[in-house]
Amino acid sequence: MRKTRILKLIMKQLGVKKGEHFQFADQREEFVEYYFTDEAMIRVDTETGEVKESRTTLNYLLSDNCKIVRVIPTNARLL
């Protein structure tokens, strides 16, 4: 329950909705996207198809340096 509240606060801070795909403005890997679920922030490698829980730190997510760019999910781009 507490984890869900924290994730909702982070999503509000970043201005994203649950399931909305985004990238970090300063990330090096162009083939990596992120999105939030009720339980975690998910990292998707669109090149390999690997999906796993993100290990991005709370300090970074809540810092002023954290900027995001919304993207169209890869599977939607193929339609």
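Helix H1 (2-14) and helix H2 (58-61) each supply at least two residues of the lining of the largest pocket, helices being DSSP runs of H or I with at least four residues, and strands runs of E with at least two, numbered from the N terminus. The model is predicted, so that local features need pLDDT of at least 70 and side-chain atom pairs count only at pLDDT 80 or more, while totals for chains, interfaces and linings use all residues. Residues are numbered from 1 along each chain as its sequence is written, and side-chain values use heavy atoms, with hydrogens and water left out.

**Largest pocket**

- Among the elements, H1 gives the most to the lining of the largest pocket, with 4 residues.
- Of the 14 lining residues, Lys3, Leu7, Met41, Thr56 and Leu58 are the closest to the centre of the largest pocket.
- The lining divides into 8 nonpolar, 3 polar and 3 charged residues, where Ala, Val, Leu, Ile, Met, Phe, Trp, Tyr, Cys and Pro count as nonpolar, Asp, Glu, Lys and Arg as charged, and the others, Gly among them, as polar.

**Aromatic pairs**

- A search of the whole structure finds 5 aromatic pairs, and ring pairs link Phe22, Phe24, Tyr34, Phe36 and Tyr60 into a cluster.
- The Phe22 and Phe36 rings are stacked, because their centres are 5.8 Å apart and their planes at 25° (rings of Phe, Tyr and Trp, its six-membered ring, pair with centres within 6.5 Å; planes under 30 degrees apart count as stacked, over 60 as edge-to-face and the rest as tilted).
- This pair links distant parts of the chain, with Phe22 in strand S1 (residues 22-24) and Phe36 in strand S2 (residues 32-36), 14 residues apart.
- Phe22 and Phe36 are both buried, meaning under 20% relative accessible area, with exposed over 50% and partly exposed in between (1.4 Å probe, protein chains only).

Technical notes: On a 1 Å grid over the protein atoms alone, a cavity is a set of points where a 1.4 Å probe fits but cannot get out, and a pocket is an open set with protein on both sides within 12 Å along at least five of seven lines; lining residues have an atom within 4 Å of a point.
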